[in-house]
Amino acid sequence: MAFSISPFGQTQDGQPVDRCTLTGPDCTISVLTWGATLQSVVVPGKNGPVDVTVGCDDMPSYEGQTCYLGAFVGRVANRISTGGFTLDGTRYDLYKNDGPNTLHGGRIGYDKRIFRLLDHTETSFRLGLESPDGEEGFPGRVELAVEYALVDGGFTLSWTASSDKLTPFAPTCHAYWNLSGKGTVHDHELTLFADSYTPIDEHMDPLGHPLPVEGTPFDFRTAKTIGRDIGAEDAQLKLANGYDHNFAVNGSADTLRPAAKLYSPVSGIQMSLDTTLPGIQIYTGNFLNVENARGGVSVGEGEGVAMEPQYYPDFLNCPDFAAGLLSPGKAQHHCIRWTFDRP
């Protein structure tokens, strides 16, 4: 077990970016201080080590992509319809960076902020960020601490946040996974511990209450390949050019419980994802386009799957959805755990 930190580069405006690395027996992870970005996850495969995330090797490549590769996105992940919301009788208007919607925090979300190293041990480290009152239109000054830690079989990402005003707070990790290391993920077998999902409209906003997955292409309760039904004659799949939907994770939110499993027949690696959050967005890289990913290669459509534990999209405008809110004097804490089975 070991922690190390090294320079990674600098942003276009000259801010230095470091890479924090945890090395353990089951996996080695690297995280950038830019966006608390999960840059690399290396685990053993049946033919040798595999880097199972989609990432880049330098800052110009990261700043040149628009896919939120591995980033810790917020204040509010996913979409806020109409680019705004009303909270305690006050309307807040946000920057619309996704058609009529605000996506992943707005114009300059947490994915583009520099976090600072707070502390570390041989098996964990914490990154901190101060989000000022009014940043990207959101109320309240937020204090955030993000922790990455090695655990038996994998690693965790957890965060604690507090605010001096009532404010929305619903971040996630936007890592793309390819357990083969390259090529399509349509041959990956996916299991979701979710009996329902939230259908979307033409703007990718939820239509309302979750619907049962039974009898639809969205039924992953028994493992099936991502590509098996992705081309089905289904209106929801056509709206998103594939899967880009929120699934309601079974069990009680705030309890760490299984959300998903992913398996690559090429590498023999199986990844399990547990979370305390109520939902998980499955995005099959339908518009993924990174010209200079790790090793200088291009990564395109279907070559990574994002699995984003989250509060439901647009919860601020859907009163029946659980709300990711921070109240003064009450901290928020959530956790995501990834573990890997050796082939």
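**Salt bridges, nonpolar cores and aromatic pairs**

Arg126 is partly exposed, with a relative accessible area of 30% (buried means under 20%, exposed over 50%, partly exposed in between; 1.4 Å probe, protein chains only). The model is predicted, so local features need pLDDT of at least 70 and side-chain atom pairs count only at pLDDT 80 or more, while totals for chains, interfaces and linings use all residues. Residues are numbered from 1 along each chain as its sequence is written, and side-chain values use heavy atoms, with hydrogens and water left out.

The side chain of Arg126 meets that of Asp119 in a salt bridge of 2.7 Å, N to O (a Lys or Arg side-chain nitrogen within 4 Å of an Asp or Glu carboxyl oxygen). Asp119 is likewise partly exposed, at 33% relative accessibility. In total, 17 salt bridges were counted. Another of them joins Asp219 to Arg221, where the closest N and O atoms are 2.9 Å apart. Here Asp219 counts as buried, at 19% relative accessibility, whereas Arg221 is partly exposed, at 35%. In the salt bridge between Lys224 and Asp229 the N to O distance is 2.6 Å, and both residues are buried. Shared partners also link Arg79, Asp98 and Asp244 into one network of salt bridges.

The largest nonpolar core contains 75 residues (buried Ala, Val, Leu, Ile, Met, Phe, Trp, Tyr and Cys joined through side-chain atoms within 4.5 Å). Leu38, Leu144, Phe155, Trp177, Met307, Trp338 and Phe340 have the most contacts inside this core. Another core, of 17 residues, lies apart from it and includes Cys67, Leu69, Tyr176 and Leu288. When residues up to four places away in sequence are not counted, Leu144 touches Phe72, Tyr110, Phe115, Leu127, Gly128, Leu129, Trp159, Thr160, Ala161 and Phe169 (contact: heavy atoms within 4.5 Å).

The structure also holds 20 aromatic pairs (Phe, Tyr or six-membered Trp ring centres within 6.5 Å; planes under 30 degrees apart are stacked, over 60 edge-to-face, the rest tilted). One of these pairs, Phe218 with Tyr243, is edge-to-face, with 5.4 Å from centre to centre and 90° between the planes. Phe218 is buried, with a relative accessible area of 1%, and Tyr243 is also buried, at 1% relative accessibility. Phe218 and Tyr243 belong to one aromatic cluster with Tyr197, Phe220 and Phe247.
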